[in-house]
Amino acid sequence: MLMRSPSLWSHVALSDLPFWCITSEEHNCIGNCYIRYRVRVKQFFAFLKELRPILRSLEFKFDIGESADGFLQPLENLIDKANTKELRYASMNWKETPMRPFWADMSRNVQCDEVVQKHRMRQRLFVSFFDLFTQQCPKLETLVVPFDWSDRSVDSLLRLQNLRSVVLEKYFVFQKLCQDLMDKVLLGLPLLQRLMLEVWTPSGHGLVFFSLVSKTIEYLDVSQSRGFYLKAVHMPRLKTLRIARHPWNGPLVLADRINVPCLYDVLAEGAPNLEKINEHYLESNWREGKYKTLEEVLKNVCSCKSHKSGWAM
């Protein structure tokens, strides 16, 4: 039977499974439709597990920390039982289930400590899941994932030596990121060409400046990061940079108390082949001096004293 051919199911997008709402005068949607959605998802998981598909791409959006939904175990079974040796693309949102109704958690008062506890529990589950995933998918070339920046997750990520394009989204705003882990990732992926990095680090007195070093990256997007400031780059192949000025949280600090390096100096020194900043194509001699249009771009994205207006970080 054609539908049961493993090679037919090479592209699996679990996030595309529809959420059907029953429409009738007697129907009360609270909970009922979502329960049926969970049942359909798990039935599809069971089908795939039995089929053992030859996966080349995988997408899902499931909160693996929501024990009542129970999506983690079927995901682990799928990774374990399917043929993932040829998997090239994976987009894995493990921190939320968009189909989950917003009223699902409104039946009780949720305390702040409980929210933090749940975030940490979900993180621990991801660390174990990601360890399994990276062992089973050695040929992965593109990865999109919320990332927790734990030592173990970084080690797991470095198993994927064929990665060429990586999107590391923010998981939790209170997750600390240190320079050593950043270096480990950038230097440990020898084929990486495209990187989108979303990290939220403290501004103010907790401000951390980062150096980015890579011999292979050609496209870098840090425009979704907050409180993320560059002190140096060494990226000889970098052609495109997307960046924005988004201060994040921390003590209120006067801008003149912190000396943020000028983005122009950082790029002129460490990105000699840069061609584009956001939507602006650089003039060929941009490293010889700033020109009017480039100055306007820098005023929007650079946080040094010369380009940032306003008194607070």
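Glu296 is partly exposed in this predicted model, with a relative accessible area of 41%. Lys299 is also partly exposed, at 40%. The two residues form a salt bridge, and their closest N and O atoms are 3.8 Å apart. Both belong to helix α7, which spans residues 292-301. They sit three residues apart, about one turn of the helix. Side chains of opposite charge can pair when their charged atoms come close.

A search of the whole structure finds 15 salt bridges. Arg100 and Asp69 meet through their side chains, at 3.3 Å from N to O. Arg100 lies in the loop between β3 and α3, and Asp69 in the loop between β2 and α2. The two are 31 residues apart. Arg100 has a relative accessible area of 18%, so this residue counts as buried, the cut-off being under 20%. Asp69 is buried too, with a value of 0%. Both residues belong to a network of salt bridges that also links Arg38, Glu66 and Lys118.

A further salt bridge joins the side chains of Arg88 and Glu141, at 3.6 Å from N to O. Here the partners are 53 residues apart. Arg88 is in the loop between α2 and β3, while Glu141 is in the loop between α3 and β4. Arg88 is partly exposed, with a relative accessible area of 22%. Glu141 is partly exposed as well, at 28%.

The secondary structure comes to seven helices and twelve strands. Ten strands make up an open sheet with mixed pairing. Their order is β1-β2-β3-β4-β5-β6-β8-β10-β11-β12. The edge strands are β1 (11-13) and β12 (280-281), each of which pairs on one side only. Inside this order, β5 (residues 165-170) runs parallel to β6, and four bridges join the two. Leu168 has Leu197 in β6 as its bridge partner. Helix α3 packs on the sheet and touches β2, β3 (89-93) and β4 (142-147). The direction of α3 makes about 165 degrees with that of β4.

Two other helices show how buried residues are covered. In helix α2 (residues 72-81), the buried residues are Leu72, Pro74, Leu75, Glu76, Leu78 and Ile79. These residues pack against α1 (32-51), β2 (57-61) and α3 (112-136). In helix α5 (residues 179-188), the buried residues are Leu181, Met182, Val185, Leu186 and Gly188. Their cover includes α4 (151-157), β6 (194-197) and β7 (209-213).

Across the protein of 313 residues, 48% count as buried. The accessible surface comes to about 16,200 Å². Carbon and sulfur atoms hold 50% of that surface. Among contacts with a separation of 6 or more, 71% come from residues 24 or more positions apart.

Cysteines were also examined. A disulfide is a covalent bond between the sulfur atoms of two cysteines. The search of the whole structure finds zero disulfides. Cys33 is buried, with 0% relative accessibility. Cys178 is partly exposed, at 31%.

Notes
Residues numbered from 1 in each chain as written. Predicted model: local features only at pLDDT ≥ 70, side-chain atom pairs only at ≥ 80, totals over all residues. Heavy atoms only, no water. Disulfide = S-S within 2.5 Å. Buried < 20%, exposed > 50% of the residue type's maximum accessible area, 1.4 Å probe, protein only. Contact = heavy atoms within 4.5 Å. Pairing = 2+ DSSP bridges. Axes fitted to C-alpha atoms, helices over the stretch in contact; angles between N-to-C directions. Areas by Shrake-Rupley, 256 points an atom, 1.4 Å probe, with all protein chains shown as cover. Salt bridge = Lys/Arg side-chain N within 4 Å of Asp/Glu carboxyl O.
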